[in-house]
Structure formats: C-alpha cells, structure tokens
Amino acid sequence: MKTQKLIELSKNHFSGLLMITMVLIIASCTTSESFLNSSVVPGATGNVKVKKDGNQNYVIKVDINDLAEVERLQTSKLTYVVWMETEKGNNENLGQLKSATGFLSKQHTASLEATSPFKPVRIFVTAENESNERYPDHEEILTTDTFYK
C-alpha cells in the first residue's frame, strides 16, 4: 500500500514538473524588448514582442503609448511606419502603426502586428509620407536595442 502511494505521489510530482517545464519553454520562445527613450518624442514608451509561429515565421507585436500625432512632428510627415532590421542587415517595412485614443482617457496608443519569414534583430519606427515606403527615413522616432544576436 505504501509503495503504491509513493508511486502515485511520484507520478503527480513528475506531472507537475513536466507542466512547469512546458510553461517555461513556451515563455522562453517569446522575446520582449522595450523601445529606448526618444529625443524626438520623449514621452513615448512601448515594447516589441517577437515569437515564432508554427510555420517558423516571426510574429512581431508592437505596442506604443503616448506617441505624438505624426502631424505634430517637425518633419510634418503623414504616418508612422514600423521597420525591422534583419540578421542580414536589410531593413524591412512591417507596416503602418494603427493609432487610437483610450475609451475613457486621452492617452494615445499605437500598435501593429506583423509576420515575417526573416529573423529580426532590431525594430524601429520612422515618420514617412506613405506607409508603403521601400526605405526608411533617416530619422528614427523610436528604436529597440539589438535583441537577437
């Protein structure tokens, strides 16, 4: 009887340990980086989350708070565009930031979710005249540090 209880207790501990290991593995597949402080829009804060999907693509989620309206910048551009630098040194246009204000607050938020087959090493935001630009403007509004080495 004691042996059977010991075996059952061992199975429960093993199951718990296996569950914790799975959670840690899933959590470690997501990389999260914050944007660095910006001299162009110093009040803006945000982060980037990158994870691989089942097709080995990279899912990139960008969330930014307190980003000034693009028309208020000195460069007077028309839209914010999110870019990624790939591990091969190329810059890829991920798309236009979608802006909104909070339901019960005046806080400006902006977000983007994109998928790419290329491995990102850095994410940055520029102000552009069009969302489908092929090359980024020289002035980066926000940027992350290099996060995939």
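# Exercises on a predicted model

The chain has an accessible surface of about 10100 Å², and carbon and sulfur atoms hold 52% of that area. Keep in mind throughout that this is a predicted model. Let's work through it together.

## Exercise 1: The overall layout

**Task.** Describe the secondary structure of the chain and the order of its elements.

**Solution.** 
1. Now read from the N terminus, where the order is α-β-β-β-β-β-β-β-β-β.
2. Next, look at burial: 32% of the 149 residues are buried.
3. Finish with the contacts between residues at least 6 apart in sequence: 57% of these join residues at least 24 apart.

## Exercise 2: The largest nonpolar core

**Task.** Find which residues of the largest nonpolar core touch the most other members, and which elements give two or more residues to this core.

**Solution.** 
1. The core has 26 residues, and those touching the most other members are Val62, Ile64, Leu67, Tyr80, Leu97 and Ile123.
2. Two or more residues come from each of strand 2 (45–52), strand 3 (58–65), strand 4 (79–86), strand 7 (108–116), strand 8 (120–128) and strand 9 (140–143).
3. Strand 3 is the top contributor to this core, giving four residues.
4. Take Val62 as an example: setting aside residues up to four places away in sequence, Val62 touches Phe35, Asn47, Val48, Val82, Leu97, Ala110, Ser111, Leu112 and Ile123.

## Exercise 3: Two residues and their surroundings

**Task.** Decide whether Leu142 is buried or exposed, do likewise for Gly95, and list their contacts beyond four places in sequence.

**Solution.** 
1. Leu142 sits in strand 9.
2. The cut-off for buried is under 20% relative accessible area, so Leu142, at 1% relative accessibility, counts as buried.
3. Beyond its neighbours within four places, Leu142 contacts Phe35, Leu36, Ser38, Ala44, Ile64, Leu67, Ile123, Phe124 and Val125.
4. Turn to Gly95, which lies in strand 5 (residues 91–96).
5. Gly95 has a relative accessible area of 15%, so Gly95 is buried.
6. With neighbours within four places left out, Gly95 contacts Tyr80, Val81, Val82 and Leu112.
7. Tyr80 is 15 residues from Gly95 along the chain, and their C-alpha atoms are separated by 8.6 Å.

## Exercise 4: The largest pocket

**Task.** Describe the largest pocket by its space and its lining.

**Solution.** 
1. The largest pocket holds about 160 Å³ of space.
2. Its lining has 14 residues, with Ala68, Glu69, Val70, Tyr80 and Ser99 nearest the centre.
3. Sort the lining by type and you get seven nonpolar, five polar and two charged residues.
4. Strand 4 and strand 7 each supply at least two lining residues, and strand 7 gives the most, with three.

## Exercise 5: Positive phi values

**Task.** Examine the phi values of Gln56 and Ser76, and place each residue in the chain.

**Solution.** 
1. Begin with the background: most residues other than glycine have a negative phi.
2. Gln56 has a phi near 65°, a positive value in a residue other than glycine.
3. Gln56 belongs to the loop between strand 2 and strand 3.
4. At 48% relative accessibility, Gln56 counts as partly exposed.
5. Ser76 also has a positive phi, near 45°.
6. Ser76 belongs to the loop between strand 3 and strand 4.

Note on methods
Residues are numbered from 1 along each chain as its sequence is written. This is a predicted model: local features need pLDDT of at least 70, side-chain atom pairs count only at pLDDT 80 or more; totals for chains, interfaces and linings use all residues. Side-chain values use heavy atoms; hydrogens and water are left out. Buried means under 20% relative accessible area, exposed over 50%, partly exposed in between (1.4 Å probe, protein chains only). Contact means heavy atoms within 4.5 Å. Accessible areas come from the Shrake-Rupley method with a 1.4 Å probe; for residues, only the protein chains shown count as cover. A nonpolar core is a set of buried Ala, Val, Leu, Ile, Met, Phe, Trp, Tyr and Cys residues joined through side-chain atoms within 4.5 Å. On a 1 Å grid over the protein atoms alone, a cavity is a set of points where a 1.4 Å probe fits but cannot get out, and a pocket is an open set with protein on both sides within 12 Å along at least five of seven lines; lining residues have an atom within 4 Å of a point. Grid points are joined across faces, edges and corners, and a volume is the space filled by probe spheres set on the points. Ala, Val, Leu, Ile, Met, Phe, Trp, Tyr, Cys and Pro count as nonpolar, Asp, Glu, Lys and Arg as charged, and the others, Gly among them, as polar.
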